[in-house]
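This report describes a protein model from its coordinates. The sequence and structure are shown first, and the description follows.

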Amino acid sequence: MSLTHLELLEAESIHIMREVAAECENPVMLYSIGKDSSVMLHLALKAFYPSKPPFPLLHVDTTWKFREMIEFRDTLATKLGLELLVHINEDGVREGVGPFSHGSAYHTDVMKTQALKQALSKYKFDAAFGGARRDEEKSRAKERIFSFRSAQHRWDPKNQRPELWNIYNTRISKGESMRVFPMSNWTELDIWQYIHLENIEIPSLYFAAKRPVVERDGLIIMVDDNRVPLEPGEEPVEKMVRFRTLGCYPLTGAVESEATTLPDIIQETLLTTSSERQGRAIDKDASASMEKKKQEGYF
Amino acid sequence: MSHQDNLIAEDILAYLEAQRNKSYLRCLTCGSVDDGKSTLIGRLLFDSKMIYEDQLSALESDSKKSGTQGEKIDLALLVDGLAAEREQGITIDVAYRFFSTDKRKFIIADTPGHIQYTRNMATGASTADLAIILIDARKGVLDQTRRHSYIASLLGIRNIVVAINKMDLVEFSQHKFNEIEEAYRSFADKLNFKEIVCIPMSALDGDNVMNRSERCKWYKGMSLMQHLETVDISPEIAETSFRMPVQWVNRPNLDFRGYSGTIAAGMVKPGDEIIVIPSGKRSVVDKIVIRDGDLYQAEVNESVTITLRDEIDISRGDIICSTDDPAEQSDQFQAHIIWMEEEEMFPGRQYIMKVNNQTVPATVTDLKYKVNVNNFAHEAGKSLALNEVGVCNLSLGKPIPFDPYKKNRHTGAFILIDRQTNATIGAGMLEFSLRRAANVVWQDLEVGKMERASLKHQKPAVLWFTGLSGSGKSTIAALLEKKLFDIGRHTYVLDGDNVRHGLNNDLGFTDADRVENIRRVAETSRLMVEAGLMVLVSFISPFRSERQMARNLLDDGEFIEVFVNTPLEVAEKRDVKGLYKKAREGKIKNFTGIDSPYEQPENAEIIVNTVETTPEQAVEHILAYLDERGYLKSI
């Protein structure tokens, strides 16, 4: 009996994580609290058992995450006894950068991309795990599992190292780093199925519940705190909604849904007719926008 | 992802249970844009309903803007990912595509077909179980068909689908199809494939892609998808012996010592006897540990942690094997190498090899022949250029455990890494051990380097003078030798000119010959250091990697690089031998500084500036260095 596709994907991810632990001096796992991060963390626990993962978690906090995400993050890190680093771009905080006042592009650049670069430089990490998958977006489909970054954190898509078999070249010079994507070959359905099969804990924002929301430019935005500027006469309404991805709450559109259990969510995901990233404002800017952002250092 | 499966809507739990047991197939598509490769992949994604509505509407608008199919949807646009590719209308990298059917999950490595992208195809092939080779029915078997088939075979793919595409443009002619199939099989016989399946197809219209086409009833075989869903690619677990390259030693506390790795062949159970290669130590498997509990057994491709009954010394890079047929070990190999870098590969250069979870220094000692990837002919050559394939002899810094690639794709594969840039510059497949390591036993001589040197009351070393022609290397070396001789040191000068008239009189000035020239000089100077001498080497030696190679042959402190730094203008103005003039007139080719590069040393021990200092001052400077570091004291 040969392995099923999920068993093979799991084994591949574990192999990648161990390779980083064995060869990189100061690795870190980027933890974004979403379902992909949850799976990645679960894989890390498996990869090194009975040891703990030999690296800390890093969360880049834009200060605009759903409150529940932050609670989930802190509870989980304590429960597992893992080191959790939280980085906030204090320059951005001082300037009062936020998605409502500065727009999604500027906010994402300052509070996410710049903040990430700050954190990686500050702690001198030479390898950072990310939960990105190749099925998410066209330019991701061509990115290596071990993706080289210059000392300026830049990705050069035309000058990537060939990556053969499961032999990964982890060698870098001082100041340079690797982004490592152990779940490159997973698809969205694989992620859900694995969460189901392994009983992995995810934030309840993924499940439908009555939540206060307003509608903006076709996106359903949750009023997670009092920082949402309401138009005159605009009132948040309670709706049964859930989130397909988790990010900054003003940039993450909810979908109306009755899915309150994991099988319900998977069913809905399979029957849905729009792709996962559609709920994210960031991908719509330009046709090749993700490729450009990645060259500049976005995960 | 509107899977048509009614089960999703009716009984999601039953559906998930069924999904769980899907198998997995990794395939590679090869062909050029003209063959309709991107269209075929787009078709597979489209017809297996992997396209969402928002992606479809984006595709429709893109098709109108930059499509090549008029009013029809251009499926190729779905897969040509990078912006540069969309502009140029070509696929320049490897992209991975995912789709699934009710029976299987698929990863397709989408790779370009032109000869300048051979390395990308090899990359895609390295993880694939099956290759789909596209042929344009109007054109038949071309050079590129042979090339794609050869690379697939070289990387160990055993299952081939020949997609004879664009059948709609030859009116689904059975005669045409048979002709192409026959032509394909006649050359592919040599390539050691397990199975070749030829399918007539129109990717553009979908004929024989998902379902059998009504338009060519004479074809009785399966559609592409029917074949992909049923082809048997399961690993031969029972017939192969267990081995697991150790990736990480798992030591959470003093009471637990486990060895983590991905199983590369066979299966393992607690109680199995094992042997560790290269140490040869034996033990018995105690437990197979995973987070969910201990396993009764584990098999190829699983990532596990194994504990043993005995405490034996095992490190990353060792292979734990079953005792019946363990891996071999050697430090001398014959191997196939695919070169992946602009800068050519030269025999004599030293690279870093990553193989079985460890990195070792590796030198290509001989390029036996190059393989013409279009017609499989063996050709003589002195170097391997980007995208060329060659059969080489390799010598490693230490013995490694391995299997021949034909026996195991995991334990017989390696990559080569550049020492300076850290780029992956080559990939290779180990064929067999040259067994020289086993035969050459170093004589344990009672008189060694230290004894010889001490008789001469000196510390042996190489002073390696590098710099442009006319920079003053030989003048300074000769003066220095005189001074050292005067104070009773035993020396010898190896000079570019005198060596080229004797030892190296068979070498010219091409890059390959320059590398060999330096290799011989480096080896000669090493022997002289063994003899206890102070060796003064005066060679232009323009390439960093050759100087590094010479340095690596010697022990720490024995190699002193002296950079005679004279700007080109100055050296050319001096032109003691009249060579620059001839080079400028085109009478001498490959002249360093004129039409061949000089790579300056980055970490030379001594730098001599001949514009501001006289040769005598330079010699004083070098003597001071030697004195300070104890080279002139008796030992």
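## Basis and overall form of chain B

Helices (H or I, at least four residues) and strands (E, at least two) are taken as DSSP runs and numbered from the N terminus. On this basis chain B contains 18 helices and 28 strands. The model is predicted: local features need pLDDT of at least 70 and side-chain atom pairs count only at pLDDT 80 or more, while totals for chains, interfaces and linings use all residues. Residues are numbered from 1 along each chain as its sequence is written, chains are lettered from A and ligands numbered from 1 in the order in which they are written, and side-chain values use heavy atoms, with hydrogens and water left out.

The C-alpha trace of chain B spans about 95 × 70 × 45 Å along its principal axes. Of the 635 residues in chain B, 55% are buried (under 20% relative accessible area; exposed is over 50% and partly exposed lies in between, with a 1.4 Å probe and protein chains only). Among the contacts in chain B with a separation of 6 or more, 72% join residues 24 or more positions apart, a contact being heavy atoms within 4.5 Å. The accessible surface of chain B, from the Shrake-Rupley method with a 1.4 Å probe, is about 27,300 Å², and carbon and sulfur atoms contribute 49% of that area.

## Charges and salt bridges

Lys and Arg count as positive and Asp and Glu as negative, with His and the chain ends not counted; each charge is placed at NZ of Lys, CZ of Arg, CG of Asp or CD of Glu. In chain B the mean positions of the 77 positive and 93 negative charges lie 3 Å apart. Over all chains the structure holds 53 salt bridges, each a side-chain nitrogen of Lys or Arg within 4 Å of a carboxyl oxygen of Asp or Glu.

In chain A, the side chains of A:E256 and A:K239 form a salt bridge with an N to O distance of 3.8 Å. Because A:E256 belongs to strand β10 (residues 255-256) and A:K239 to strand β9 (residues 237-242) of chain A, the pair ties together parts that are 17 residues apart in sequence. A:K239 is partly exposed, with a relative accessible area of 22%. In chain B, the closest N and O atoms of B:D136 and B:R138 are 2.8 Å apart in a salt bridge; B:D136 is buried at 2% relative accessible area, whereas B:R138 is partly exposed at 42%. A network of salt bridges links A:E10, A:K46, A:E198 and B:D292.

An automatic or database domain assignment supplies the domain bounds, giving domain 1 (5-191 + 288-296) and domain 2 (201-283) in chain A.

Helix α8 (residues 262-271) of chain A is mostly covered, with seven of its ten residues buried; among them are A:I265, A:I266 and A:L270. The buried residues of this helix pack against α7 (188-198) and β9 of chain A, together with α1 (6-10) and α2 (12-20) of chain B.

A:I33 lies in the loop between β1 (27-30) and α2 (35-48) of chain A and is buried, with a relative accessible area of 0%. Its C-alpha is 8.1 Å from that of A:I202, although the two residues are 169 apart in sequence. Beyond neighbours within four places in sequence, the contacts of A:I33 include A:H59, A:F72, A:P203 and A:L246.
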